[in-house]
Amino acid sequence: MSPSVPLQEMIRAIRSAKTQCEERGVIQRECAAIRAQFRQSDNGGRSHNLAKLLYVHMLGYPAHFGQMECVRMIASPRYSEKRIGYLGAMMLLDEKQDASLLITNSIKNDLFHSNQYIQSLALCTLACMGSAEMCRDLAPEIERLLRASNSYVKKKAALCAVHIVRKVPDLGELFASAARSLLTEKNHGVLHGAVVLITQLCGQSPEALKRFRKAVPDLIQIMKSLIVSGYSPEHDVSGVSDPFLQVRILRLLRILGHNHEAASDTMNDLLAQVATNTDSTKTVGNAVLYETVLTILDIKSESGLRVLAVNILGRFLLNNDRNIRYIAMTSLQKIVGTDHNAVQRHRGTIVDCLKDQDASVKRRALDLSLALVSASNVRSMMKELLVFLSSCPPDLRSQTASGIFNAAERYAPSQRWHIDTILHVLTTAGGDVRDETVPNLIQLITNASELHRYTVHKLYRALVTDISQQSLVQVACWCIGEYGDLLTGPCQEMDPAQVSENDVLDALETVLQSHMSSPATRGFALTATMKLSTRITDNVDRIRSVVSIYGSCIDVELQQRAVEYNALFKKYDHMRAAVLERMPVIEKTSGQSNGVPSGDSVKDNQPVKVMPGESLLPQPPADQVCDLLDLLGDSGENQQASLVGAVPAAALVSSTATTAGGDLLDLLGGLEPPPTTPAPSVPVYEKDGVTLTISCDKQSDSDLTVTLTASNSTESDISSFMLQAAVPKSVQLHMKAPSGDLLPARGAAKVSQMVILNNPNKVTLKMRVRISYNRNGSAFQDMIQIDSFPGLDH
């Protein structure tokens, strides 16, 4: 290739290269020729060579050797060379390179040039790559050009001033007066630059914000002139007069009217005029309307105007463009808490968006639908959400199920409806629900004593139909174990169907033998089978046979259950009825998502989690407690120690009744002394609606159990909530699994995590806790240090 080939020929040669290697060869030969010509003192084709080098740079190849040539061409008196020199400087130079300082003097000279186009080249270059030092040196010249008579230069100078203010905020005061005077211009380009500059100044300085609030009438006048002006081919875009300037003015009005009553009142009439007169059939009209809606919702506008804004967003939901529907639902999600009734009018349209094919629109529609659930529409909204749950994508099932649970907990019209709703979710998406769903539902069923027969019949039929949903199977097994005797009788609320004792045991054996059952589910089924031994009379031998089979199970937990249950059959058969009797009603305390007994045997701030085989029993007599201590064959002083050290298998939590023998807290997993006073909870972190409290329980001189409890008082759910802890090296730390990772809005539920500390050297305890979570798609992280632990004697 000849070194003097024109730019078009070089582009043609590069494009005709069949391989990347051939392309690199063409570019290397051309760059070598360009470099050689740069070294010649008398070179008439400098602009031609630099243009070819810029094309090479655009392809991603190194072109740094052309930087100094850019500096030389900027200093040239010829416009054609200045133009390509400034273009090269904007592409090849940045503020971090020393070569950029060499063009400062050339830019300053060109700012005084008589040719407006040379002035504009210097202004564009400074606005593109000007460093803080360059901005400080050239700011007075830019302020002078803002007052020039040439509209073309003032437009460029205004945008250059925006860059200077961003780089050096202290220089904002220099341009405030000139920016205010630009609002009297008729040229739309100058007005656009002025509005952008004022917006930047108001965003950085409260003093400037206060100063420019006096310019609200001028901005309103400019906006009105744009709305009522006739057709202007220079500024018309699809029938809207200069929508770019309108959008900029609306954004500035939103900033000036935020939390300011007088400014908001001044612009109310204008916003109503824009909202009613703008054509919404074209994209540009929708852009202006969207900015108008955002301005109305962000300032202290009238209630009627806010309803008008919500109605505009409602019309957006009917638009065929998915992007417009998405931004409409995003905006409605932000205001549903303050303008709930206005948003409710568009509930049907929002629910229809759940059927949209676009995943982003569907997710936004789900968030908004859950936020619209109230006591008056809970039945109809739950019906729509349950239909959506049956067909929604897998990545939305967990969020949908969680939202339905929270809404049902908050607005359930009756206990039966509440139970039916949760069972429907478990039947549809039982594998996608949170871990605490099972104990929460068990607590709900326990409290609905009049619905025990209906619930156990419904769960039994669901269990026979499908055993793949583990959460549903666990709840069904628990209910059959507690209320299995009610299955043999008729249920008036359901279709009559004869259920025999053998049918019930067949269903439980199917769960025990299924490969789909998890170890926890098998534990529920085995415990339910054992409990049925006191509720049915004709199949005790079959139950004993089933339990004995699992005495040699490979799963240690299941094997231990079976061994202990066999001991109940053999050595302690006279106590089996008392040990396995039905769980009493659990009184639910305020502020807890799980029920807790209303007695001294359980701490006030500790939720009860019903594990497989767990039961609440009245306290047996003292002599029976002595027999139970010898359940596994131990005697004497080692009885209590052996039981405490054993792996918990079937936890049996006592009720409020106490006797001289002590509380029977855990029949087969360990005995604990009754607590004296509840451990105090002290808040250690409160920020952005997230509260973290700490309570301590001293087990011995060196062992300490710390419980961290988190709650969320905001209007948005928090997901992926995680706590991490660190202690001094001499202290051993063991963190138990948290109760969950989702903090529902408005404190609907809490997340707790237990930390066990072993301090053998008795050093001063300190603990750092890192808090991380996601809210509305944004990740948050914070760290605190805990130096004092409540309830401890130091």
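Analyst: In this predicted model, the axes of helix H27 (residues 470-483) and helix H28 (residues 501-513) come within 11 Å and cross at roughly 145 degrees, with axes as lines fitted to C-alpha atoms over the stretch in contact and angles running from 0 to 180 degrees between N-to-C directions. Helices here are DSSP runs of H or I with at least four residues, strands are runs of E with at least two, and both are numbered from the N terminus.

User: Which residues of H27 meet H28?

Analyst: Val473, Cys477 and Ile480 in H27 meet Val504, Leu508 and Val511 in H28, where contact means heavy atoms within 4.5 Å. By class, that contact has 6 nonpolar, no polar and no charged residues; Val, Leu, Ile and Cys are among those counted as nonpolar.

User: Switching to strands, in what order do S8, S11 and S12 sit?

Analyst: They form an open antiparallel sheet in the order S8-S11-S12, and strand S8 (718-726) and strand S12 (778-786) are the edge strands, each pairing on one side only. Two strands pair if DSSP finds at least two bridges between them.

User: And how many bridges join S11 and S12?

Analyst: Strand S11 (residues 767-775) pairs with S12 over 9 bridges, and Met783 in S12 is the bridge partner of Arg770.

User: How much of the chain is buried?

Analyst: Buried residues, those under 20% relative accessible area with a 1.4 Å probe and protein chains only, make up 50% of the 794 residues.

Technical notes:
Residues are numbered from 1 along each chain as its sequence is written. This is a predicted model: local features need pLDDT of at least 70, side-chain atom pairs count only at pLDDT 80 or more; totals for chains, interfaces and linings use all residues. Side-chain values use heavy atoms; hydrogens and water are left out.
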